[in-house]
2 protein chains.
Amino acid sequence: MSDTPVKIALFGPGTVGSQVARLLTEQSADLASRVGAPLEVVGVYVRDIGKDRVGLDPALLTDDADALIAKADVVVELMGGIEPAKSIILKAIAAGAGVVTANKALLAAHGPELYEAADAANVDLYFEAAVAGAIPIIRPVRESLAGDHVRRILGIVNGTTNYVLDEMTARGLDYEVAVKQAQDLGYAEADPSADVDGFDAAAKAAILASLAFHQRVPLGDVYREGISAITAADVAAATDSGHVIKLLAIAERTGEGGDGGVSVRVHPALVPLSHPLASVHGAYNAVFVEAEAAGDLMFYGQGAGGTPTASAVLGDVVSVARHIARGGRGPRESHYGDLPVLPISASSSRFQLRMTVPDRPGVLAAIAAMLAQSGVSIETVRQQAGGVGTGLATLAIATHRAPESDVTAVLDALRSSDAVTEIRSVLRIEGE
Amino acid sequence: MSDTPVKIALFGPGTVGSQVARLLTEQSADLASRVGAPLEVVGVYVRDIGKDRVGLDPALLTDDADALIAKADVVVELMGGIEPAKSIILKAIAAGAGVVTANKALLAAHGPELYEAADAANVDLYFEAAVAGAIPIIRPVRESLAGDHVRRILGIVNGTTNYVLDEMTARGLDYEVAVKQAQDLGYAEADPSADVDGFDAAAKAAILASLAFHQRVPLGDVYREGISAITAADVAAATDSGHVIKLLAIAERTGEGGDGGVSVRVHPALVPLSHPLASVHGAYNAVFVEAEAAGDLMFYGQGAGGTPTASAVLGDVVSVARHIARGGRGPRESHYGDLPVLPISASSSRFQLRMTVPDRPGVLAAIAAMLAQSGVSIETVRQQAGGVGTGLATLAIATHRAPESDVTAVLDALRSSDAVTEIRSVLRIEGE
């Protein structure tokens, strides 16, 4: 055990940051024993130094970022957003400090640039808390599966949307009612767009994909579809067919050799009830990994919240500090491949198409013919008569795996056919 | 990237070992890039060198363990059993080699001795594959939760018993039929005792508890109860009350301060259907961790099998080799606390007591009085009439949390009372 403390600088004393500061103090003996040296918080960067901050020693507060970086061994960045977070991290790296961050927006937008800067400077950059909060997922993908190949990752990585869909499923709520309830309980923001439109999940999908496949995955290449179009009828139909609807972040290795690529996308999907992801309830997160040798793995836990996220940050601080106490650093992450990130049109899925059709003979035959013509093969058809006197029926068609482009073509054909009154919903089926 | 290879010696070319050898060859480029140096298998130790071994280069085979250890940087021990595995690992440590092992029996029996030898010699000892096969659970407990406190671990760590109980639940099979089926499918040994009597799970519980609580947990202190007494009627009653029966490995921090201790036990338990462990089916494993800051986490995956276990071994080989390529080593594990491992009589649980009682007035009152007298508080009672003309009824009582010793006392009282015809089963309820 060394007597020389490892010096920690904290940037961003918000919900997570104040919990990190608390845990660093409360568990200092235990942490020192795990690091092999005491941890010392040498300063907390705040933009507005006059403001009162509960539980933080006022003597530690500073608004001089450069001076704080200069005296730190480990910089913990919990400010969020792109700037000044990015500049602070780059300065810390240039100064030879290890970095721990929970900043998913920054990593999704500029991850590879930061990873490479850290590698060039031979310092650690750890970010377990950026994806799925308290769940250790980055470390397993980076380290435990280091001798394996990841085929596919299916993640429930946004607690707000999982809560909303879970409430719609459990209680038959309409989307708007469930969102309102999530807002009242503090699970959703007043403007829920970052969550319900899939922006948050897309950032996490980009980070997971870049780690799993050692590829640069620009956030702009992540296909994104939110949950606001999901209706109570969609949820009921999913239940009828033995599925639940989940918003999934998907990173998938597709094709082989010259045709190979990665597909990275966020969209609602039907998940079979027997799949482990189907029993992830409330605001919990889970990441399901399909690896070549390890087989199926799932990591489950709280995806957000000050204390759980602080636990993940602290685990990273211990790792980075331990490397510093020994004069080393952790694994590198910079060997990037050059597989293309494929557009959504190049991916393939199973689909469930729900539509309203005229309740007369020959309609199913006409629709089946249109699917056959586009090369989309039907797995099951369920037909339900509409209300008495409407002359309409509801048709739910589950397809075999088909290319997105073929399904797009058949949807165009169906929409312009008089065999179809209305396409009610088009949902991918995943996890089979 | 260094040109000097990290030299790997493989002890035990069985199901797992041959997969490790295959993956080391097939993924050598990728592994080298992750380690920062190429990996070279310098020899494979076999006891009987004349025997044919599929897929292994005969030139690598040797029966000279000492010579092989002398030229290795990393010794991978996959022989199983206590000896000669223990001597080989201790010799490897003494020679300054890093060690990777999947040997749960050895670690459960002699873990602390081995951890300390590795620490004293300043070499790595990694064993991800020893608990829950492919599931990364050791690394998260050792590293990701390094800044947190584990309160409790509930693990489904034996695939055979989970398969048997899952089949009993899904199909209403009797225990003997389900075991026979597991044997036919290769999930259970001809002599299934190591699995069904909980020996395998107890070894894993001892390893998990020693890691989670930094305590020495002798295998002999692990309370152990198998599943062979579980009947189809127990399973049906569990289903009726919204539970499933799982064989759990439990490591629990109990009490505070001077009264503190750890409880480490393996026994069948009723788990509520809403608990994530309830949806772990077939031969899959899962470890549920309750941590102070991180909250609830679960790790799910394949607990056995050559390729999944080889994936975990390989992840460890990469970590150890990476440390060696950089001249360092991973985290130490030797700061042991001195909490006592408490006997089962000192633990407390909720219980479900199922009994046959005479179907006459006053019986329930008499039984309730006996429980009250022992201080065991009743949460729910369900009574079902027995067959017509039997004059008997079945009573299922779920208690509030109660000390084991109080429940033992009340069971003695019930057995000797004429208000009870027969105690049918006594099962703990966990996960609430």
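Start by selecting strands 1 and 2 of chain B in this predicted model: strand 1 covers residues 6-11, and the two strands pair in the parallel sense over six bridges. To find your place along the pair, show B:Lys7, which stands opposite B:Glu40 in strand 2 of chain B.

Strand 2 of chain B is mostly covered, as five of its seven residues are buried.

**Along chain B**

Stay in chain B and select B:Pro84. A cis peptide bond joins B:Glu83 to B:Pro84, with omega at about 5°. B:Pro84 sits in the loop between strand 4 (74-77) and helix 4 (85-94) of chain B.

Next, pick B:Ala132, in the loop between strand 6 (125-126) and helix 6 (138-144) of chain B. Its phi is positive, about 60°, although B:Ala132 is not a glycine. Is B:Ala132 buried or exposed? B:Ala132 counts as buried because its relative accessibility is 1%, and the cut-off for buried is under 20%.

Then jump to B:Ala233 in helix 11 (residues 232-240) of chain B. B:Ala233 counts as partly exposed, at 33% relative accessibility. Leaving aside residues up to four places away in sequence, B:Ala233 touches B:Arg354 and B:Arg424.

**Across to chain A**

Colour the two chains separately and look at where they meet. The contact takes 48 residues from chain B and 48 residues from chain A. Together the chains bury about 4000 Å², with 49% of that on carbon and sulfur atoms. Which residues of chain B lose the most area to chain A? They are B:Arg34, B:Ser144 and B:Tyr300, together giving 15% of what that side buries. For the complex, the predictor gives an ipTM of 0.86 and a pTM of 0.89.

**Inside chain A**

Chain A averages a pLDDT of 90, and 95% of the residues score at least 70. Colour it by domain: domain 1 is 6-133 + 307-326, domain 2 is 138-304 and domain 3 is 347-429. The C-alpha centres of domain 1 and domain 2 of chain A are 28 Å apart. Their contact takes 19 residues from domain 1 and 21 residues from domain 2. About 1600 Å² is buried between domain 1 and domain 2 of chain A, and carbon and sulfur atoms give 59% of it.

Now select A:Glu83 and A:Pro84, which are joined by a cis peptide bond with omega at about 5°. A:Ala132 is another stop: its phi is near 60°, a positive value in a residue other than glycine. A:Ala132 counts as buried, at 0% relative accessibility.

Finish at A:Glu189, where an unreviewed UniProt entry places the feature "binding site". A:Glu189 lies in the loop between helix 8 (175-184) and helix 9 (193-196) of chain A. With a relative accessible area of 54%, A:Glu189 is exposed. Show A:Gln183 and A:Asp195 as well: A:Glu189 touches both, not counting residues up to four places away in sequence.

Terms used. Residues are numbered from 1 along each chain as its sequence is written. Chains are lettered from A and ligands numbered from 1 in the order in which they are written. This is a predicted model: local features need pLDDT of at least 70, side-chain atom pairs count only at pLDDT 80 or more; totals for chains, interfaces and linings use all residues. Side-chain values use heavy atoms; hydrogens and water are left out. UniProt positions are given in the numbering used here, feature names are shortened, and annotations may be inferred rather than shown by experiment. Helices (H or I, at least four residues) and strands (E, at least two) are DSSP runs, numbered from the N terminus. Buried means under 20% relative accessible area, exposed over 50%, partly exposed in between (1.4 Å probe, protein chains only). Contact means heavy atoms within 4.5 Å. Two strands pair if DSSP finds at least two bridges between them. pLDDT is the predictor's confidence in each residue, from 0 to 100. Domain bounds come from an automatic or database domain assignment. Buried area is the accessible area (1.4 Å probe) that two parts lose on being put together, summed over both.
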